[in-house]
Amino acid sequence: MASAFRTRAGLALSRERVRGNIRRAMDGLVAKRRAAFPDDAELAQLRDQGQAIRDHALANLPALLEQLEQRCRVNGMQVHWAADAAQANAIILDLLRGHGAKAVIKGKSMVSEEIGVNAYLERHGIEPIETDLGELILQLGNEHPSHIITPAVHKDRAEIAALFNRHFPDEPCSDDIDQLTALARRVMRARFQGATVGMSGVNFAVAETGTLCLVENEGNGRLSTTAPDMHIAVTGIEKVVARLDALAPLLTLLTRSATGQPVTTYVNMISGPRKPDERDGPREVHLVLLDNGRSRIHADPELRATLRCIRCGACMNHCPVYTRIGGHGYGTVYPGPIGAILEPQLQGLQVQGELAQASSLCGACAEVCPVRIPIPQLLNRLRHEHAEGPTASQSPSQSASPASSQSVPIQAVPGGHRPGLQGRVWRAWALLHASPARYRWMRRTIGGMGGLLDGPFGGLLGGLFGPWTRSRTPPRLARRGLQDLARQEGFADD
Amino acid sequence: MTDTRTQILQRLRSANTATASVPGSEPASPSAATLTSAPTWPVRRFDWGPEELTDRFRRGIEAVRAEVHAVGDDWPRQLAALLQARGARNLRYGPDGPLAPALIQGWPTAEGVPRLVPHDQPIEACRRALFDDTDAGFTACRAGIAETGSLVLWPTPAEPRLLSLVPPIHCVLLEADRIVSTLHELMQREGWAQRMPTNALLISGPSKSADIEQTLAYGVHGPAELIVLLRTTSAAGTGSAPPATADTARTAAC
């Protein structure tokens, strides 16, 4: 019986058009990133800095959050804390209602996807308006992002033209990209002009100065945070950094890793609401700090590295699994390698544990990660927990960490369990490999089957390998194994 | 809500976050400690001479489809011609902005020249005019960044935030001697950490999107065109004062 994830992945693999769209886009992004980092030594140095900045922030997270809150308040912002999505949504709804808003214009924000604020607001009679071109396309198509940076990457211009034509029948129909973009500008213009509240995410929150830093190319982020009377910024608690000058390396790492741009068109640093003598800008700025499982991830010294992420998306661009099944294949808000380690931790292994299997462990994600998150290592850790239950202090990576020397075993990720068949298979595997005699017996038995594969029953046996052999030549098993050959050459067993 | 805050902070604290702190040496203020313990490194900057700074800035910002025009003291005339060629009907500017006197004085009066419109009202009083009836906006800028081809703006009451964002054409005058090599160098030289304004901006080219098939399209929500007037002040001096924001030591390192 196929799991929900496998069903979704299978379905995604069968959508040739989407696969083509994603493949083309990912190849382009990979090439752009490569061209943006011509100097290996510089890249290594920047990654060292990026990792150090993020590690420092996570090691001092509670103090930095307090400082961020204090600085933001001094600057005139209001700071709210939300333990989970429900609390964050309730805070946002309260603010909107308090302001008498019927609609809210939104800049692109993955955290807002994480808390599902659009659906929540719609249920409560407030219209969320996505203004980022990609997000607008998805909102019209009633879809979710398939990529954290370029959310509508799975759609091509013809599909988008048809979608726009359906929703804006009075506008001229064209599948020319400039014209589609111009159409989006026209329809959004009135919304920006009339909006009273804007919402955004945050790329980096600076504790030292109480500054929210946002990057974007379209200008919708600046409009959403400048044109309305009220700006609500929502961010995960891990996005804080200590010092303002940390922005210099982080920004360059983020934009070059994400799209190969030296810098985005706009870098928007907001340090407060409109001052009395200023003539525009929101009169109220609210910052919602969202936990939603992050403090639990933070508690585990190894898994904490997950929270270093600056959401550049490079791991998915380079992932052989993501490029084939796309973001929707994962069925989660955060797809790709980062999603495969983050979502099981946010939602629990019982719900999303299988995502840790959505990897060939090729290591490309870790090689391109600008803050050096050891994604394959964390995938292995989650696979282990999924199979064996929570890791106690015996985890090698944990004992290597000084912080865990006196720590008690923590159930870092809830919901670990041992799937029946898989557990039995691996126990049998371990049993066979633990003794030379059993190993020899296994090898000879399998070697004997090699002859059968070539014989009349070969097709039948080949079928056992299922999907693997459908597009590949079945393996030919040697009659004599490496050990036998080595012994023949005079090598001893040890 | 206070409860939530306490709970989140407690959960984070109970996670044994102590890293390098030595027992018994607890500083008076935890926030001061987190700042001083933050990783630091030498300012990342490049030893580029004035010509190379200008050249790199120009190549960087032109690569993202901004127009750069070298100008002299008759820059208002040049700007008027550029806008007239585009069919712009008007140019909004902040009458209290640092370059407003020069702009007004040098603006030609011939027929067909775009009209200068002062932008001196709170947005509530001019939202419609700004969104619907403005073809171009003019601002000064604080600095340029050579490495990335970026303009640095700190919008002021005289030149508010939306003036560089809402009109379809944004025109900026940049003094060539205000170009620095990197953002890091600028932040450090001007001591940004002690004086962040309500809004600080880096602008690198006109608004764009690649959300459809990774193909660049310009002018999505912000300006579709960015016109940079790059003024190189001659050594003899022209009498025109640098922008009002030029209040920090510019002699450092270079």
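How many salt bridges does the structure hold over all chains? The structure, a predicted model, holds 45 salt bridges over all chains.

**Figure 1. Chain A and its secondary structure.** Chain A has 494 residues, and 58% of them count as buried. Its secondary structure consists of 25 helices and 10 strands. Among the contacts in chain A with a separation of 6 or more, 74% are between residues 24 or more positions apart.

**Figure 2. Chain B and its secondary structure.** Chain B has 254 residues, of which 52% are buried. Seven helices and 12 strands make up its secondary structure. For contacts in chain B with a separation of 6 or more, residues 24 or more positions apart account for 78%.

**Figure 3. The interface of chain A and chain B.** On one side 98 residues of chain A take part, in contact with 76 residues of chain B. The size of an interface is often given as the accessible area lost when the parts come together. Between chain A and chain B the buried area is about 7,700 Å², and carbon and sulfur atoms give 56% of that area. The two chains have 40 residue pairs in polar contact. Helix α10 (residues 177–194) of chain A gives 10 residues, the largest share of the side of chain A that touches chain B. Eight salt bridges are found across the interface.

**Figure 4. Salt bridge between Arg5(B) and Glu69(A).** Arg5(B) in chain B pairs with Glu69(A) in chain A. The closest N and O atoms of the two residues are 2.7 Å apart.

**Figure 5. Salt bridge between Glu124(B) and Arg283(A).** In this pair the closest N and O atoms are 3.5 Å apart. Glu124(B) is partly exposed, with a relative accessibility of 40%.

**Figure 6. A network of salt bridges.** Four residues are linked here: Glu42(A) and Arg256(A) from chain A, and Arg44(B) and Glu147(B) from chain B.

**Figure 7. Salt bridge between Arg17(A) and Glu159(A).** The closest N and O atoms of Arg17(A) and Glu159(A) are 3.9 Å apart. Arg17(A) is partly exposed at 47% relative accessibility. Glu159(A) is also partly exposed, at 24%.

**Figure 8. Salt bridge between Asp245(A) and Arg243(A).** Here the closest N and O atoms lie 2.9 Å apart. Arg243(A) has a relative accessible area of 21% and is partly exposed. The cut-off for buried is under 20%, so Arg243(A), at 21%, does not count as buried.

Figure 9. Met188(A) is part of helix α10 of chain A, the helix that gives the largest share of the side of chain A that touches chain B. Is Met188(A) buried or exposed? Met188(A) is buried, because its relative accessibility is 4% and the cut-off is 20%. Leaving aside residues up to four places away in sequence, Met188(A) touches Ile129(A), Glu130(A), Thr131(A) and Leu136(A), as well as His221(B). The C-alpha atoms of Met188(A) and Leu133(A) are 9.6 Å apart, and the two residues are separated by 55 residues along the chain.

**Figure 10. Stacked rings of Phe46(B) and Trp48(B).** Over all chains the structure holds six aromatic pairs, one of which is formed by Phe46(B) and Trp48(B). The ring centres of Phe46(B) and Trp48(B) are 4.5 Å apart. Their planes are at 5°, so the pair is stacked; the cut-off for stacking is under 30 degrees. Phe46(B) is partly exposed, with a relative accessible area of 28%, whereas Trp48(B) is buried at 15% relative accessibility.

**Figure 11. Arginine over an aromatic ring.** In chain A, Arg222(A) lies over the face of Tyr266(A), 4.8 Å from the ring centre. In chain B, Arg142(B) lies over the face of Trp154(B), at 3.7 Å from the ring centre.

Terms used
Residues numbered from 1 in each chain as written. Chains lettered and ligands numbered in written order. Predicted model: local features only at pLDDT ≥ 70, side-chain atom pairs only at ≥ 80, totals over all residues. Heavy atoms only, no water. Phe/Tyr/Trp six-rings, centres within 6.5 Å; stacked < 30°, edge-to-face > 60°. Buried < 20%, exposed > 50% of the residue type's maximum accessible area, 1.4 Å probe, protein only. Lys NZ or Arg CZ within 6 Å of the ring centre and 35° of its normal. Contact = heavy atoms within 4.5 Å. Buried area = accessible area lost by both parts, 1.4 Å probe. Salt bridge = Lys/Arg side-chain N within 4 Å of Asp/Glu carboxyl O. Polar contact = N/O pair within 3.5 Å; in protein donor to acceptor, adjacent residues only side chain to side chain. Helix = DSSP H or I, 4+ residues; strand = E, 2+ residues; numbered from the N terminus.
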